[in-house]
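Subject: Structure for you to look through

Hello,

Here is the structure I said I would pass on. Please open it first and keep it beside you while you read the notes below.

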Amino acid sequence: MKVVLLFVCSWLALGWTEATTNVTAQEREEILRYHNFLRGNAPPSAANMLPLVWNDELADQAQEWALNCTIEHGYPERPNSTFGTHVGQNIWLRPVANINLTEVIQDWYDEIDFYNWEETRCKPPPGWMCAHYTQVVWASTTDVGCGYYHCPNGHAVVVCNYGPQ
């Protein structure tokens with residue numbers, strides 16, 4: 001028993017923890033509904049657009065990354081993960097007390113304004129991007145999982161991971 005307790009304490013002290021998403025069932029349904037609504041209505045309509053399904057593994061990874069309170073992209077490595085390194089990621093970080101998940105997803109989608117349809121590529125003004133938009137509507141992406149965290153500095157962060165990217 002002492003050996004097991006010592007191992008667990010050492011494991012936690014060294015940071016070898018895996019977070020579990022704090023997204024509720026209702027929030028999960030909201031995230032899926034809104035992603036799939038936007039994907040289904042994105043111009044031009046894609047013949048191969050699949051509806052997203054919730055993925056607990058991606059959600060747990062997103063939650064663990066959200067705990068970093070950073071806008072930097074990345075994700076915790078996990079052996080034998082379903083998508084390996086083929087995970088897309090959207091991050092939202094703002095100085096707010098309350099998170100509206102639909103508004104977060106809409107913020108990502110609104111980067112559509114910077115997508116040039118004639119050239120089928122992103123042409124944002126300096127300081128902007130449209131990679132969040134393209135990840136939301138990427139036709140071959142099938143899974144999504146999200147997490148969020150209220151950072152000690154008063155910011156809130158939302159991370160959604162997408163598989164495959």
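Which residues are buried in α3? They are L58, A59, D60, Q61, A62, Q63, E64, W65 and A66, where buried means under 20% relative accessible area, exposed means over 50%, and partly exposed lies in between (1.4 Å probe, protein chains only). Helix α3 is thus mostly covered, with 9 of its 11 residues buried. Those buried residues pack against β1 (53–54), β2, β5 and β6.

Before the rest, some notes on how to read the values. This is a predicted model, in which local features need pLDDT of at least 70 and side-chain atom pairs count only at pLDDT 80 or more, while totals for chains, interfaces and linings use all residues. Residues are numbered from 1 along each chain as its sequence is written, and side-chain values use heavy atoms, with hydrogens and water left out.

The overall layout

The chain has 5 helices and 6 strands. Helices (H or I, at least four residues) and strands (E, at least two) are DSSP runs, numbered from the N terminus. Going along the sequence, their order is α-α-β-α-β-α-β-β-α-β-β. Of the 165 residues in the chain, 42% are buried. The chain exposes about 9600 Å², and 58% of that comes from carbon and sulfur atoms; accessible areas come from the Shrake-Rupley method with a 1.4 Å probe, and for residues only the protein chains shown count as cover. A contact means heavy atoms within 4.5 Å. Among contacts between residues at least 6 apart in sequence, 67% join residues at least 24 apart.

The cores

In soluble globular proteins, nonpolar side chains tend to be buried together. A nonpolar core here is a set of buried Ala, Val, Leu, Ile, Met, Phe, Trp, Tyr and Cys residues joined through side-chain atoms within 4.5 Å. The largest such core has 29 residues, and W54, W108, Y109 and V144 have the most contacts inside it. At least two of its residues come from each of α2 (25–41), α4, α5 (131–137), β5 and β6. Helix α4 gives the most, with 5 residues.

Leaving out residues up to four places away in sequence, V144 touches L32, H35, L52, V53, W54, N55, L58, C160, N161 and Y162. Apart from this core lies another, of 7 residues, among them A66, I91, C151 and V157.

Helix α4

The buried residues of α4 are L101, T102, V104, I105, W108 and Y109. Why do they line one face of the helix? Seen down the axis of α4, they fall within an arc of 160°, so they line one face; the arc is that of the directions from the helix axis to the C-beta atoms. An α-helix has 3.6 residues a turn, so residues three or four places apart point the same way. The buried residues of α4 pack against α2, β2, α5 and β6.

The disulfides

How many disulfides does a search of the whole structure find? There are 2, each counted as a pair of cysteine sulfur atoms within 2.5 Å.

One joins C69 to C151, with S to S at 2.1 Å. This pair links distant parts of the chain, 82 residues apart: C69 is in the loop between α3 (56–66) and β2, and C151 is in the loop between β5 (143–150) and β6 (156–163). The link is left-handed, with -110° about the S-S bond. C69 is partly exposed at 21% relative accessible area, whereas C151 is buried at 7%.

The other joins C146 to C160, with S to S at 2.0 Å. Here C146 sits in strand β5 and C160 in strand β6, 14 residues apart. The torsion about their S-S bond is about 105°, so this disulfide is right-handed. Both C146 and C160 are buried.

The salt bridges

The structure holds 2 salt bridges, a salt bridge being a side-chain nitrogen of Lys or Arg within 4 Å of a carboxyl oxygen of Asp or Glu. R94 and D107 form one, at 3.8 Å from N to O. It links R94 in strand β2 (residues 88–94) to D107 in helix α4 (residues 101–109), 13 residues apart. R94 is partly exposed at 35% relative accessibility, and D107 is partly exposed at 34%.

E29 and R28 form the other, at 4.0 Å from N to O. E29 is partly exposed at 47%, and R28 is partly exposed at 26%.

Regards
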